[in-house]
Amino acid sequence: MKISRQFTVFGSAIFCVVVFSLYLMLDHLQLDRIKNPINEERLQNGQLVILQDKIDHLERLLAENNKIIANIRDSVTNLRKSVNNDKGPLEAKNLSQGLVDLLPFAPIWVLIPSEDCQFSAQTYSKAADEVQMLDVYDMLSFDNPDGGVWKQGFDISYEENEWDQEPLQVVVVPHSHNDPGWLKTFDDYYRDQTQHILNNMVVKLHEDERRKMIWSEISYFSKWWNNIDIQKKDAVKKLIERGQLEMATGGWVMPDEANTHYFALIDQLLEGHQWLERNLGVKPKTAWAVDPFGHSPTQAYLFKQAGLSNMLIQRVHYSIKKHFATQKTLEFFWRQNWDQESSTDILCHMMPFYSYDVPHTCGPDPKICCQFDFKRLPGGRISCPWRIPPQVITSDNVQQRAHMLLDQYRKKSKLFMSKVVLAPLGDDFRYTDAQEWDQQFNNYQKLFDYMNSHPELNVQAQFGTISDYFEILRKVTGMDQAGMNKGVSPFPVLSGDFFTYADRDDHYWSGYFTSRPFYKRMDRMLESHLRAAEILYSLTLANIKMFGKPSNYPAVENYKLLTEARRNLGLFQHHDAITGTGKDWVVVDYGTRYYNLLFHSILNLKRVIVSSAHWLVLDDKNIYTYDPAKPLLQIDEVQPAQDVLPHKTVIKIMYNPIEQARSSVISIYVTTPHIRVLTAQGRPVIAQITAVWEHFTQASTEVSFVAHVPPLGLAVYQMSEGVELHTELAHYMFLKKGGHVSVTGAEQFRVAIPQETVPVSVENPHLQLFVSSTTGLLETLKLKENGLKHSIKVDFVWYGTTSNKDKSGAYLFLPDGEAKKYSPSRPPVIRVTKGPVFSEVTTTFTHITHTLRLYNIQGVDGQAVEICNTVDIRGEFNQEIAMRITSDINSMNRFFTDLNGFQVQPRRTMSKLPLQANFYPMTSMAYLEDSNRRLTLLTAQSLGAASLKSGQLEVIMDRRLNQDDNRGLGQGVLDNKITANSFRLLLEPRNSAQEVTTRENNAPFSYPSLLSHISCTYLNHPLIQMATSVDPALLTPVPHSPLTSSFPCDIHLVNLRTIQSQVGGGPSEQAALILHRKGFDCGFSSRNTGLLCSTTRGKVILFSTFTPVSLSLMYESSSTPKHQEISLKPMEICTYRIQLG
C-alpha cells in the first residue's frame, strides 16, 4: 500500500512538472535574472505585445496534453516494473529514480510548433538559371583529354572585330600571397619577406598613382603596423583613401574552408574587421581566396552576412572549371542550398586556370603568360619552366609584346559573359624587393600605355584592385553599384560546394581532411575554451555593472588575454595550419604558438574563466579579491606539453558554456574510493567509482556523477571523503581470446576473468549494445523505445598508398585500392565496465584503444553511443587507418556530411570517380539514412569521411606517409602523435516511412534533428570543471544562473564577445551577441529525447539595449525590432551590438 501511494505521489509530481514545463516553454530569453525597474517595465511591455502569440502557442501545447498524460501513465507503469524487476548494480538504472538529487524533468515530448517544421519540409524547386553542383557532378564524365596549350581546357579562338562595339577592359590586380606559416614559420616569413613587401609597397605605390595593390592577411599587416612610425601609417592611409591599396577580405588569415568550424571562421573574420575599423577605418567589400584547397558555401554565406559584395575563388576541380568555361558561367551568384528567396546571393568570380601564379592568370597559354612575369627576367632567382624568358619592354619590342599579351587577354575574355577581364599579377611572397616592384610595374605600364594609345586595338588596360574589377563588371552588365543587390543580372545562380578538389589527373586533395589529426582535435578544444571564456567574461562584466559596486576584477588584463587567444586561434585557421600541410618545424611552431594558446594561452583563458567564475559564485561580492598567485578556483585539466593528452584532478564547480540546461556526466580523479558527492544544497548524488587503467594496471581512481548545470551557468558540488551509500564501485570483466589476462591493482573492485566465451552487452535506459566477445567491436544496437535490433558493426581498416610515381602525402590521398581489414598481430584485450553512471567496453589493439560508452542517464547524453579511439601508428610505413561503420541502412549511394559545422551537404558516391574522390570533409557530423532510420556520426574533430558502399560510413583517423606528394611541402607526414578521436553515434527512427519522399532524395539540402544538433553541441562543448581549496566553512560558493530559462532548442549562442574599447586595449561596455537559428528535420521522434528546451518560431526577447549589425560589426541595420524582440529565420546567423548590463 505504501508503495502504491509512492507511485501515486510520483505520478502526480510528474503531472505537475509537465504542466509547469508547458508554462516555462512559453518563456523567452532573458540575458540576466537580476531585476531592476527598467527591466520590469520592458518585461511588461514585451509580454503584452506577445500575449496573443502565447495564447495561440498554449492552445497548440494543450492539444498535445492527452498524448503527454498517456505517456505519464506509461512511465508510472514502467517505473513499477523496473522496481519489481531490479537486477542490481550491473544493470543500467534510471538515475532519476530514488530520493537523491533528481535529474531535471525532461518533457516526454518536445513540443515544436508546426511553423518550425515548415522550413525543413519545403519543396525543392530549382530555378531556371540555377546551377546545382550535385547535378554538375552527375553530368560530368571527369575525363582529362589534352586541351592543347591549356592542358586541362580547350583551344580558344576569336574574331578580331568582336570588340569593335564594346572595347575589352583589362584589370590587372597586383597581389602577394603571404602564408602565415608553411615552409617557414610565421615569424620567419615576416622577418625575411613580409615586412619588406609592405615597406616597399608604401614607397612604390606613392611613386605612381596608377599603381594598385591588394592585401588580405591582417595577421601580418597588424604585426607590421605595430612596428612602423606615424609617418608611414599616414602614408598607408593616403594610399587607401586614393584607392591604390585595398584590404581584400580583411580576415586575420585566408582560412581553410574544409576543416574549419564556422565559430572560428567568424571569429577570425571579426578580429580582422575590427582591427581594420579601429586602425584604418576600412570596411572590406570583396573577398579574395586564391589558395584554400576547395571552397565551401559557408564561407560565401559569412561574407554576405558581413556585408561583402563580391568574392573570388581559385582552387576548384579542373573538370568543373573546364565545364564552367564552356558555359561561360565562371562568374555567378553563389546562393545557399536552402535559400529560395535569393537573400544569400553573393557575386563570385572563379579563376579559370590551374593556379593563381602569373603563368596561369593572363590567359590560357602558361608559356606565353610566363613571359610577362618580369621577376623571371634573365639573371633573376627564378625562371620560366618553358625556357622562354621575359623581355624588358622597350620601344623596339612593345608593339610585338603588347599584341602577344593582348591575345591572351582576349582569349581569356571568351570564357566569360562580359568584356571585362581580370588578370591577377602575383604569387606567394611576391614584391619582396624594390627591384621586383620596378620590373613588374614599369614594364606593364609601358604595355598598358601602348594598348590604350592605339584605339584600333579596342582595349583599355590598367592596374586595379579586386573591387575595381567588380565595380567595372557591375557597371558594364547593368547591375547596381551599391554592391549588395543583384539587380538585373546576366549571371546564373549557383548552389552547392566545391569539394573534393583535384588539380590534375586523379590527384584529389582529400588527404588533408585528416592530416595531423592531433592538431585538428586541439583546434576544437581551443574553440570551446575561447568561446566559454568570452561568454563568461561578458556575463561577468554585465554582472559587475549591475551590482553597482567597484571591483578589482581584472577586466583589462583578461581582455588582453582574450585578444591574444582570438588571434592565435585565428592564425591556426590558415589553410596550411589546421590542414596539417606545413613543414614539421612549422607545425611545431603552430603547436607551441597554438599551444601558447593551449598551454600558455589556454592557461590564460583558464585564468579568465576562473577569475570570472570566482566573481559570479560569490554570494557576497564585497569579499572578492583578485590574486593571480592564489586564485580561488583552479581548472582541473593539466597538460604539461603540447603533444600529450590531458589528465584531470579534483573539481567542485561546473561551468556550462552552452545555452541549454544540461545534465552531463563528469569524472574526477580522486585518491580514495570512499567519496561522498553532494549538491550545493547538501543532497547526496549517485556516483560511480572506477579504476583508471594503464596496461591493465590500475594507475588511479576516479569518481563519476551526473552534474546538472543551468544554461551558461555555474553549478556547485561538494566532495568529501567518507562512506556513502549512493557511491558504488564499478564492476569489471576482462576477456582475451586464447590468452590469459593478468590484472593488478584492482583489489577493491569486483573483477571477473571468465575462461570461456561469454556474451558481452552494455545498456542504459535508451540503448543496448551487443559486442563481439572476441574482437570487442560493436555488432548490434537495440533501441529500447521500440525494442528493435539493428545491425551496426564497427571495424578498422588500413589504406596503403599507390605504387605509382605520385603517392599519398600531406595534401593528396592516393590509395593502393580498397581498404584492407585491420588484423592485429595478437588478440585484443577487452575490458567491460558496468556501473550506475556509465557502462563501457574498452578494447586494446596494437594501434588503437577503442571505447564504446553508454551513459546511464535519461538526458541527451544517454541517447548516443560515445566512441573514443586513441590511435598510435607511429611505427607504420605509408599507412592510413580508418574506422568503418557498417549498418543495414539502405542508403544506396547517398550520404551526408556537414560543411564547417554550419550546414549539411548531400553527397553521392560515384563509381566513375576514383575512391579518393569520394571522400569529403566532415567537420562535425556525417550521416546515412533510408526511409525508416538515420544513423549519425558526430565528431569532435575534423576528419575525412566517405560512404563507399550502401549502409557504410568510414572515417580516416590518422595518416603516416613517408614521402612528399609534390605540392610544394617537400616532406611526408611522419610527426604522428598519439591521438584521441572522439565521436558519438546516434540512431534515430523516423516518425513514418512516408517522411522520406522523392523531394528529400533529390533535394540539395538536408538537416540534422534537434537531438543531433544538441548532442553535437554537448560533444564539442563539455562542462568546464573547477576546484577550490578554500575551506567551505570560510567561503561557500553559490550556484549562478544568468538566464531565466534555456534558449530555444534551435537557437545557438555562437558567441557573446566583448568589443574592444576605442581607447586602449581594454573592454568597452558593449558586446557582439551572435546567434544562429539552426535548421532541423522534424521527421524524427521527439519522444524521450531528454531535451530540456522547445522551439519558439525563431523569436527571442532581449532585456538589453541592442542594435542589429552585420556579422562582423561593420554595418548597422537601419531597422530596429520593436518590443526588444529578435526574430531569426531558419539557418540565419545574426549579430547584435548589445549593452552589457
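Me: How many salt bridges does the structure hold?
Reply: This is a predicted model. The structure holds 56 salt bridges.

Me: What makes Lys151 and Asp146 a salt bridge?
Reply: The cut-off is 4 Å from side-chain nitrogen to carboxyl oxygen. Lys151 and Asp146 come to 3.4 Å, N to O. That is within 4 Å, so the pair counts.

Me: Is Lys151 buried or exposed, and what about Asp146?
Reply: Exposed means over 50% relative accessible area. Lys151 has 52%, so Lys151 is exposed. Asp146 has 58%, so Asp146 is exposed too.

Me: What is the N to O distance in the salt bridge of Arg959 and Glu880?
Reply: It is 2.8 Å. The pair links distant parts of the chain: Arg959 is in strand β40, Glu880 in strand β33, 79 residues apart.

Me: Why is Arg959 called buried?
Reply: Buried means under 20%. Arg959 has a relative accessible area of 1%, so the label holds. Glu880 is also at 1% and therefore counts as buried.

Me: How do you know that Gln336 is buried?
Reply: Its relative accessible area is 0%. The limit is under 20%, so Gln336 is buried. Gln336 lies in the loop between β7 and β8. Beyond its sequence neighbours within four places, Gln336 contacts residues including Pro297, Tyr301, Ser495 and Gln903.

Me: Which residues have the most contacts inside the largest nonpolar core?
Reply: They are Phe221, Leu245, Leu280, Tyr409 and Tyr444, in a core of 125 residues. Helix α6 gives the largest share, eight residues.

Definitions and conventions
Residues numbered from 1 in each chain as written. Predicted model: local features only at pLDDT ≥ 70, side-chain atom pairs only at ≥ 80, totals over all residues. Heavy atoms only, no water. Core = buried A, V, L, I, M, F, W, Y, C linked by side-chain atoms within 4.5 Å. Buried < 20%, exposed > 50% of the residue type's maximum accessible area, 1.4 Å probe, protein only. Helix = DSSP H or I, 4+ residues; strand = E, 2+ residues; numbered from the N terminus. Contact = heavy atoms within 4.5 Å.
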